[in-house]
Amino acid sequence: MSSPSMTLFYSPTSPFVRKVMVLLHETGQLDRVALQQVQAPPTTTDGELNRLNPAGKIPALRLADGNVLHDSRVILDYLDQQHVGDPLIPLQGPSRWRRLTLASLADAILDAAVLIRYESFLRPADKRWEQWQQGQQAKIERALQQFEDEAIAELACHFDIAAIGVACALGYLDFRQAQLGWRERFPQLAGWYAEISQRPSMQATQPPD
């Protein structure tokens with residue numbers, strides 16, 4: 001077995017990292033990537049990570065030539081072009097833009113959920129802004145409603161970039177907002193997720209308890 005040619009800077013609890021890890025599993029590229037765990041909360045810094053990605057965010061992917069890609073969407077696009085199977089991001093046409101738009105909406109859920117996590121866990125209690133948290137929560141609810149009402153059939157037809165994004169978003173809600181009870185209000189999403197979460201790639205990338 002050859003040595004990994006790339007290095008992924010990651011945290012096992014990051015939902016954005018999880019998307020990348022799911023794609024690596026699905027496309028058979030795990031052995032090409034070495035994992036380097038870093039801590040990247042917004043209140044601290046990691047010197048090596050900041051040198052690789054000035055934004056100080058994960059995931060970041062160092063390629064064999066030393067160049068570094070960052071932002072999960074960029075990394076996913078790159079890795080999807082490095083395997084011989086069917087692409088998980090459509091190459092062109094209306095399907096490409098539709099699937100990327102669905103993936104972007106899933107990212108909006110993650111962005112809002114992560115911000116709520118920061119506000120409710122890292123910010124001192126006397127400085128927390130409840131109305132702001134409610135605004136973020138409303139974004140999550142609107143996105144879930146759109147997936148429930150308009151995109152279930154599309155998600156079920158193929159486990160691609162859109163389905164990966166939504167699955168990781170729902171997994172993160174379970175991980176950080178278990179009290180949300182989204183399954184009761186979005187039963188079609190719940191049924192889809194119950195099935196899709198059993199995929200080996202999803203099982204192997206669950207965040208630690």
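User: Is isoleucine 116 buried or exposed?
Analyst: Isoleucine 116 has a relative accessible area of 9%, so it's buried. On this scale buried means under 20% relative accessible area, exposed means over 50%, and partly exposed is in between (1.4 Å probe, protein chains only). Bear in mind that this is a predicted model: local features need pLDDT of at least 70, side-chain atom pairs count only at pLDDT 80 or more, and totals for chains, interfaces and linings use all residues. Residues are numbered from 1 along each chain as its sequence is written, and side-chain values use heavy atoms, with hydrogens and water left out.

User: Where is isoleucine 116 found?
Analyst: Isoleucine 116 sits in helix 4, which covers residues 93-122. Helices here are DSSP runs of H or I with at least four residues, strands are runs of E with at least two, and both are numbered from the N terminus.

User: And which residues is isoleucine 116 in contact with?
Analyst: Skipping neighbours within four places in sequence, isoleucine 116 touches Gln133, Gln136, Gln137, Ile140 and Gln177. Contact means heavy atoms within 4.5 Å.

User: OK, salt bridges. What's the count?
Analyst: There are 12 salt bridges, each being a side-chain nitrogen of Lys or Arg within 4 Å of a carboxyl oxygen of Asp or Glu. One of them pairs aspartate 107 with lysine 19, at 2.6 Å from N to O. Aspartate 107 is in helix 4 and lysine 19 in helix 1, 88 residues apart, and the pair links distant parts of the chain. Both aspartate 107 and lysine 19 are buried.

User: Which residues are linked in a network of salt bridges?
Analyst: Lys19, Asp71, Arg73 and Asp107.

User: Tell me about aspartate 71. Where does it lie?
Analyst: Aspartate 71 is in the loop between strand 4 (68-70) and helix 3 (72-80). With 33% relative accessibility, aspartate 71 counts as partly exposed. Its phi is near 85°, a positive value in a residue other than glycine.

User: What do most residues other than glycine have for phi?
Analyst: Most of them have a negative phi, and most peptide bonds are trans. Proline 59 lies in the loop between helix 2 and strand 3.

User: Back to salt bridges. What does glutamate 26 pair with?
Analyst: Glutamate 26 bridges to arginine 199, with the closest N and O atoms 2.9 Å apart. Glutamate 26 is in helix 1 and arginine 199 in the loop between helix 8 (187-196) and helix 9 (200-204), so the pair ties together parts that are 173 residues apart in sequence. Glutamate 26 is partly exposed at 28%, and arginine 199 is partly exposed at 30%.

User: Helix 1 again! At what angle do helix 1 and helix 6 pack?
Analyst: Helix 1 (residues 15-27) and helix 6 (residues 161-176) pack at about 135°, with their axes 9 Å apart. Axes are lines fitted to C-alpha atoms, for helices over the stretch in contact, and angles run from 0 to 180 degrees between N-to-C directions. That makes helix 1 oblique to helix 6; under 35 degrees would be roughly parallel, over 145 roughly antiparallel, 65 to 115 roughly perpendicular, and the rest is oblique.

User: Which residues make the contact?
Analyst: From helix 1, Pro15, Arg18, Lys19, Val22 and Leu23; from helix 6, Ile164, Gly165, Cys168, Gly171 and Tyr172.
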